[in-house]
Amino acid sequence: MTKLVLERLNESLIHAMEMDERIHLIGEDLLDPYGGAFKVTRGISSRFPGRVLTTPISEAAITGVATGMALRGLRPVVEIMFGDFSTLIFDQIVNHAAKFSWVYDGHVSVPLVVRTPMGGRRGYGPTHSQSLEKFFLGIPGIKVLSPNTLGDPGTLLENAIQDDGPVMFMEHKLLYPCRMLEEKFGDLADATVTKSREIFPTFTIGFSSTPKVTLATFGYNFELTRQAVLEALYEREVFTEIILFSQLSPFDLDPLFQSLSRTQRLITVEEGTQNVGWGSEICTRALEQIEFPLKVKRIASLNLPIANARSLEEAILPSRQDIKQAIFELAGE
Amino acid sequence: MPMNRNFDWYLQMLLIRRFEERLLDEFSKGTLNGTTHAYIGQEANAVGIMDALNEQDVVFSNHRCHGHFLAYGGDPYLLAAEIMGKVTGVVGGRGGSQHIQWKNFYSNGIQGGIVPIATGMGLAEKIKKSGQIVVTFLGDGTLGEGIVYESLNMASLWKIPILYVLENNYYAQTTPLHLAMAGQIWERFNSFGINTWECDTTDVAEINILAGEAVKYVRKHNEPGCLIIHTYRYSAHSKGDDFRDTAEIEAHKKSDPLVVHGIRLSSALRKKAEAQIRDLIEASFSRASLDPEPAIEELIST
């Protein structure tokens, strides 16, 4: 049996800290026995006394303190307990961490990682369920990464820590208990997986040499997308290709464009609200770049806060069914 | 006190004064792009504090950073070139007046935003056991920013070797202190368990002694401190935004730090300093003015 995403994230932090004493963890409620709200840091404070800093509830200053540590030769990894609270760190990221290296003409580097879990479907309501990745996309000077079950989340996190620039590492609450996939097994039994980009990889997952629709997605949405794609395949024999991104920003869409040359139909799948989202940028770039006619569709949340009631939350967030319908629609089924 | 120290202090304060005057003059002639925040009137603070630091200590300054940079030992030519937008500037013309980095000196332009960063730098120096401390500069106006208090809390909790220097010049841009701040400044630091040193003077020697005590305490005890200096700027916050009573400004000018300290020097030495600084400023600005602007290719480097 493969490992859980949560296990791999935890193991990779331990491994990274064993290899490099400059690495420190900093965030709220990180100490054992609690080990962080989603347990990603469980066991680490006991193993590395003094290198895990549990903090007051001060997301903005935590991020600033970590930026200062990074400027002076350490490699801090920040945990923001809920992705929703990343609004509080926005100034520190945009006006400080992201800018220093370039504005100071390359005199300094800011090896900072900010990890935070996004996402709903846990009934946490409007301020603990959002997917706010889009607000960090396109900020010059930072990378935005998102782990998934196909690439190794642990390796992705270790590579993020080794990066010399600031990285927003956007996890998803529902991804933690997911098991990592193995090629040629389970859902991927009949799939062909190709990887482009070594460090922060993009995967092309094909189920046929003649796919009709390309689906672009990241993070936990890959779980929904994969299920929808398999259902579309079994129910109506509609073949698709999934482009799974680990790096959301800066945008590197070459594998996507290659897939679109085969399908000429694009669906983007994300959990944030649809307006001005990740998918909006992807679709625009595809339309700018590609000369042949292209059909696009963005699957995302309704442009509303995320309601607490399960029925409303389900209606607001994108579902497997929504993705499947979009596939049929674009495929002309 | 040795004569050369008194002369050096005077020279440094005069350098800041004449540099800022030259900048304001260039702006009024329309030869410079953007804006500036002059340090005129506050020179004794920077000079007194920097002389109390070790060479390896770290300094994080704010929007009004020219005086801090020059007192730190920064080259007026590099700063002039930076503000002129020349490729030879401190950071190649990318940062301008408020955003510079040289050796262990840093500055940035967001009120309060630098405070947690400087605090984190102090934490890093403590973890590395470098023996270095961090000094960061705040104004009275910065005390309105919530992130300052988040930072003070952590600095005190974790015993971080950082000296917060609070330069209270009584105005946040155009807003007087009494319209922007409740309570007392020292109480804000004391309530986090941070020791304060406080003075109301323009005498560089007094400031240097007090800064020396504060710096020594921070280094020895590995914990934060705060040096509060009540001061006054003689020029506008930046440009064209001065609505203060001219009588008030004139009254403050009676305790001009250059005059207060200048009486310790002979008039011959003061004249010597003037000539030396006049030449340095002229050489810096004229050399910088001949330098090229950054090429577009510079955009993609590093």
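**Briefing: chains A and B**

A:Pro211 is buried, because 21 other C-beta atoms lie within 10 Å; the cut-offs are 20 or more such atoms within 10 Å of a residue's own for buried, 12 or fewer for exposed, and partly exposed in between, with C-beta atoms placed from the backbone. This is a predicted model, in which local features need pLDDT of at least 70 and side-chain atom pairs count only at pLDDT 80 or more, while totals for chains, interfaces and linings use all residues. Residues are numbered from 1 along each chain as its sequence is written, and chains are lettered from A and ligands numbered from 1 in the order in which they are written.

**Surroundings of A:Pro211**

- A:Pro211 sits in the loop between strand S8 (202–206) and strand S9 (213–218) of chain A; helices (H or I, at least four residues) and strands (E, at least two) are DSSP runs numbered from the N terminus.
- Apart from neighbours within four places in sequence, A:Pro211 contacts A:Gly206, A:Phe239, A:Thr240, A:Glu241, A:Arg262 and A:Thr263; contact means C-beta atoms, placed from the backbone, within 7 Å.
- A:Ile267 is 56 residues from A:Pro211 in sequence and 13 Å from it in space, C-alpha to C-alpha.

**The six-strand sheet of chain A**

- The order S7-S8-S10-S9-S12-S13 describes an open sheet of 6 strands in chain A with mixed pairing; two strands pair if DSSP finds at least two bridges between them.
- Strand S7 (192–196) and strand S13 (295–301) of chain A are at the edges with a single partner strand each, so one side of each has no neighbour in the sheet.
- From one strand to the next, the twist averages 20°.
- S9(A) pairs with strand S10 (residues 240–245) of chain A in the parallel sense over 6 bridges, and A:Ala216 has A:Ile243 as its bridge partner in S10(A).
- Helix H7 (residues 254–263) of chain A lies across S7, S8, S9, S10 and strand S12 (265–273), at about 160° to S9(A); axes are lines fitted to C-alpha atoms, for helices over the stretch in contact, and angles run from 0 to 180 degrees between N-to-C directions.
- Helix H8 (residues 278–289) of chain A also packs on the sheet, where it touches S9, S12 and S13, and its direction makes about 155° with that of S12(A).

**Strand S1 of chain A**

- In strand S1 (residues 23–27) of chain A, 5 of 5 residues are buried.
- A:Ile23, A:Leu25 and A:Gly27 are on one side and A:His24 and A:Ile26 on the other, and both faces are covered.
- S1(A) runs parallel to strand S3 (residues 75–79) of chain A, joined by 5 bridges; A:His24 has A:Pro76 as its bridge partner there.
- S1(A) also runs parallel to strand S2 (residues 52–54) of chain A, joined by 3 bridges; A:Ile26 stands opposite A:Leu53.

**Contact between the chains**

- In chain A, 27 residues are in contact with 27 residues of chain B.
- Helix H3 (59–71) and helix H4 (90–103) of chain A each supply at least two residues of the side that touches chain B, and H3(A) gives the most, with 9 residues.
- That side of chain A divides into 12 nonpolar, 12 polar and 3 charged residues; Ala, Val, Leu, Ile, Met, Phe, Trp, Tyr, Cys and Pro count as nonpolar, Asp, Glu, Lys and Arg as charged, and the others, Gly among them, as polar.

Key:
Two residues are in contact if their C-beta atoms, placed from the backbone, lie within 7 Å.
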